[in-house]
Amino acid sequence: MASQKLWLLCIGLFLFILEHAATSDPPKKPEEECRLLGKFDLRGYVDAEEAMHVIGGMFPIHFRTILEEDPTSTPPNSPKCEGFNFRGYRWVKAMIHAINDINKRKDILPNITLGYQIYDTCFTMSKTVENSLAFLTGQNETTPVFRCSTGAPLAAIIGAGGSTLSIASSRILGLYYFPQVGYASSSSLLSDKYQFPTYLRTIPSDKVQSRGMADLIHHFGWRWVGTIAADDDYGKYGVKAFKEAVENLYTCIAFSETIPKIYNRDKIKAVVDIVKDTNATVIVVYSSDIDFHPLVEELLISNITGITWIASEAWVTSALIAKPEYFPLLGGAIGFGIRRGEIPGFHEFLLEVNPNKDSNDMTIEFWQSAFNCTWPGVNISYNTDNRKNVTGHENIVDFSSDKLCTGKEKLEDLNNTYLDISELRITYNVYKAVYAVANGLDQLRMCETESGPFISGAKCATIDEFEPWQLMYYMKNKMQFTVLDEDVNIDPNGDVFTPYDILNWQMNETGAINFVKVGTFNQTNEHNKEFHIFNDSIFWNNPERSRPRSACNNNCQPGYRKGILQGKPSCCYDCIRCAEGQFSNHTGKTVMLFLTHLARNSKVAEKARMSVGPIFQKVVVVVSVLAE
């Protein structure tokens, strides 16, 4: 009986559990969450709706980003930018103008419309990386590896301005074998195809420029030279290549200093003190105009004069540096300018900008900055400077105007870098870079099925659908094309050899600075180079208006010889009086002539002591040898 009751109890308990198990909700699985970590604040220009293919662009439309005081106390935000760069904005317009020109042509990419997607790098690495990721993934999501854009496919990218920025972006884009064409990045590091397999450029490598600088130094006999470099890949590798080319037994480096990338007045003043104290009268500066500008301001405050500055291509023609107020400091500078070009219709295209026609934030900011007015109904800041101590203010400085813009202001009346088309060098490189991409696309379009280059799958890619690596084949192997009557040849290392103009800063009658061509340097390959300079055309910025002397020591006077200084470069020496039985009859002699007893007592020796002519030196030497 007891066992029967126990059996009934078990059955009832089983039914109870079964009933509740059926009515209760099944256990929930943990929800999978896909969270967007952040949205990039990217500004620029996009026109891709009607395009079959899009070319990306990265340009320094602003000088810098605004640094956060404590980025860990608030959620991370994409940094804002400040300091409108009219020169960088002109480069943007050069890319758009080139695409418009190509779209009008029938002999290249016929019936194919190109569009553009251009972003502002703000001349900083963080923004450049944001741009690169956005190009790969699209702007709908910021997820690496996945492209979420719904627009036309991106063919290649132009940019990213400075060498450090291009190095950062190319390391990302190169992972996916994405073609990239530089217009201003000249660091020799970018020639390394193992590290940067998809990077090409329309500007020569700094190795070429550095050899030209070394030839210039040797030509004028300057023995003691200082160097200043931006604290980035462009500056460091540029100065390194220059040192390798210039240093020898008779030419030495007096000092090497760097300019901080992030503004630091104490560090900049330390560089100024070095320049003050050095006896080198020739200084080579490898820097962008943006990085060099704060140092120029400090040098001007210290009233430093008498220096002959050797300029790299990045600042030699920059309107940010080439100001009349800087001429007492930098006048007479000698620099290397890349090939200049004239772009048909470009000036007229620059004049078409107007916020009434294009309400893009960048266009409005350009207008506000150009005319120092505020566009009504918008909240777009401009003319701000958040760097501490650079303007004498600790807090944010905003120079916005109470005057409202009308849109009727005349661009023709502007006198700034944007409309200055007299020195289209980097701008011309931008134009050529766009044509390099168009040429690659055109070569891909004309592929013949029987002789296509691809091994797996179809031998040819189609212009309607191709992978970046397929376009890269043509960008690497078939980069010979013509732009505005110039034959452009980009070699397999992605490098191009174009001549440099040697330019001299001179002031004209109106008080403006002219870049006077005083020579050329042309390297056609790794082994062939030509250097020409016209000495009489150079303006020297010193009281004597003559070629300066730059040496570690003054020349030793007759009767003294050069003595080695332990621990000092070979260019530095001590002047030691000649010992008995020795003489020096020329200024700066290193080796004394020794007279034997026979020679000292001869009439020949007496004439040699009194003479300054080299013939008598030879006679004395012969007599000495015979006496031995």
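Residues are numbered from 1 along each chain as its sequence is written, and side-chain values use heavy atoms, with hydrogens and water left out. As the model is predicted, local features need pLDDT of at least 70 and side-chain atom pairs count only at pLDDT 80 or more, while totals for chains, interfaces and linings use all residues.

Strands and helices here are DSSP runs numbered from the N terminus (E, at least two residues, for strands; H or I, at least four, for helices), and two strands pair if DSSP finds at least two bridges between them. Four bridges hold the antiparallel pairing of S1 with strand S5 (residues 114-120), and aspartate 47 stands opposite tyrosine 116 in S5. Contact means heavy atoms within 4.5 Å.

The whole structure holds six disulfides, a disulfide being a pair of cysteine sulfur atoms within 2.5 Å. One of them joins cysteine 81 to cysteine 122, with 1.8 Å from S to S. This link is right-handed, with 85 degrees about the S-S bond. It connects distant parts of the chain, 41 residues apart: cysteine 81 lies in strand S4 (residues 81-84), and cysteine 122 in the loop between S5 and helix H3 (125-137).

Helix H3 in turn meets helix H4 (residues 163-173), their axes coming within 9 Å and crossing at roughly 30 degrees. H3 is therefore roughly parallel to H4, a label for angles under 35 degrees, whereas those over 145 count as roughly antiparallel, 65 to 115 as roughly perpendicular and the rest as oblique. Among the residues in this contact are Met125 and Leu136 of H3 and Thr164 and Leu173 of H4. By class, the H3 and H4 contact has eight nonpolar, four polar and no charged residues (nonpolar: Ala, Val, Leu, Ile, Met, Phe, Trp, Tyr, Cys and Pro; charged: Asp, Glu, Lys and Arg; polar: the others, Gly among them).

A further open sheet has eight strands in the order S10-S9-S11-S12-S13-S18-S19-S20, again with mixed pairing. Strand S10 (252-259) and strand S20 (529-533) are at the edges with a single partner strand each, so one side of each is left without a neighbour in the sheet. Within this sheet, strand S13 (residues 334-337) and strand S18 (residues 500-507) run antiparallel, joined by four bridges, and phenylalanine 336 stands opposite isoleucine 502 in S18. Helix H7 (residues 265-277) lies across S9, S10, S11 and S12, at about 160 degrees to S10.

Helix H5 (residues 206-219) also packs on the sheet of eight strands, and its direction makes about 45 degrees with that of S20. H5 packs against helix H6 (residues 233-246) as well, at an angle of about 45 degrees and with the axes 8 Å apart. H5 and H6 are therefore oblique to each other.

Conventions:
Axes fitted to C-alpha atoms, helices over the stretch in contact; angles between N-to-C directions.
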